[in-house]
Amino acid sequence: MSRSRLIFIVFYLTAVLIVTVLLRTNSSRIFKNYRTSDVAHKRLNQQLRQHQLTMAFLTTPGEISRRVNESKSESDGQ
């Protein structure tokens, strides 16, 4: 094997290894960003459901009549 061919092979393998490391690093970074976004999305979804449950509770007929009775008793007491 000639010396120039050996140097070419060494440079080629070095370049392949460097590209592999860069791809793995970028892949890890992208996955971390995805997981961070996914966790934030799930947390916001959970907060939205909690607000929806609160609104559903506040708009039930029993709750509305209780609030009306409270406001009437407050206005009658003044």
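**Entry 1: Arg67 and Glu63**

I started with a charged pair: the side chains of Arg67 and Glu63 form a salt bridge, 3.3 Å from N to O. The model is a predicted one, so I read every distance as computed. Where does this pair sit? I placed both residues in helix H2, which covers residues 61-77. Arg67 and Glu63 are four residues apart there, and therefore about one helical turn separates them.

Next I checked the accessibility of each partner. Arg67 has a relative accessible area of 44% and is partly exposed. Glu63 has 7%, so I noted Glu63 as buried, the cut-off being under 20%.

**Entry 2: Glu70 and Arg66**

I stayed in helix H2. The side chains of Glu70 and Arg66 make a salt bridge at 2.2 Å, N to O. Both residues belong to helix H2 and are four residues apart, about one turn of the helix. Glu70 is partly exposed, with 36% relative accessible area. Arg66 is also partly exposed, at 39% relative accessibility.

Which residues do the shared partners join into one network? I found Glu63, Arg66, Arg67 and Glu70, linked by salt bridges that share partners.

**Entry 3: Around Glu63**

I went back to Glu63, which lies in helix H2. Its side chain has a polar contact of 2.5 Å with the side chain of Arg66. What else does Glu63 touch, leaving out residues up to four places away in sequence? I listed Phe57 and Leu58.

**Entry 4: Asp38 and Arg35**

I moved to helix H1, which runs over residues 3-58. Asp38 and Arg35 both lie in this helix, three residues apart, about one turn. Their side chains meet in a salt bridge of 3.1 Å, N to O. I also logged a polar contact of 3.1 Å between the side chains of Arg35 and Asp38.

Is Asp38 buried or exposed? I read 17% relative accessibility, so Asp38 counts as buried. Arg35 counts as partly exposed, with a value of 36%.

I then looked along the chain from Arg35. Ser2 is 33 residues away from Arg35 in sequence. In space the two are 50 Å apart, C-alpha to C-alpha.

How many salt bridges are there by the rule used here? I wrote down five.

**Entry 5: Aromatic pairs**

I turned to the rings. A pair of aromatic rings is described by the distance of the centres and the angle of the planes. How many aromatic pairs does a search of the whole structure find? I got two.

For Phe8 and Tyr12, the ring centres are 6.2 Å apart and the planes are at 25 degrees. The angle is under 30 degrees, so I filed this pair as stacked. Phe8 and Tyr12 are four residues apart in helix H1, so about one helical turn separates them. Phe8 is exposed, with a relative accessible area of 56%. Tyr12 is exposed as well, at 51%.

The rings of Phe31 and Tyr34 have centres 6.5 Å apart and planes at 40 degrees, so I filed this pair as tilted. Phe31 and Tyr34 both lie in helix H1. They are three residues apart, about one turn of the helix. Phe31 has 53% relative accessibility and counts as exposed.

**Entry 6: A nonpolar patch**

Last, I looked at the surface. Which residues form a nonpolar patch there? I listed Met1, Leu6, Phe8, Ile9, Val10, Tyr12, Leu13 and Val16. Together they have about 840 Å² of accessible area. Both rings of the stacked pair, Phe8 and Tyr12, come from residues in this list. I noted again that Phe8 lies in helix H1, with 56% relative accessible area.

Technical notes:
Residues are numbered from 1 along each chain as its sequence is written. This is a predicted model: local features need pLDDT of at least 70, side-chain atom pairs count only at pLDDT 80 or more; totals for chains, interfaces and linings use all residues. Side-chain values use heavy atoms; hydrogens and water are left out. Patches are made of residues with over 30% relative accessible area and no salt bridge: like charges are joined within 9 Å, nonpolar side chains (Val, Leu, Ile, Met, Phe, Trp, Tyr) within 5 Å. Accessible areas come from the Shrake-Rupley method with a 1.4 Å probe; for residues, only the protein chains shown count as cover. A salt bridge is a side-chain nitrogen of Lys or Arg within 4 Å of a carboxyl oxygen of Asp or Glu. Helices (H or I, at least four residues) and strands (E, at least two) are DSSP runs, numbered from the N terminus. Buried means under 20% relative accessible area, exposed over 50%, partly exposed in between (1.4 Å probe, protein chains only). Rings of Phe, Tyr and Trp (its six-membered ring) pair if their centres lie within 6.5 Å; planes under 30 degrees apart count as stacked, over 60 as edge-to-face and the rest as tilted. A polar contact is a pair of N or O atoms within 3.5 Å; within protein, one must be able to donate a hydrogen and the other to accept it, and residues adjacent in sequence count only if both atoms are side-chain atoms. Contact means heavy atoms within 4.5 Å.
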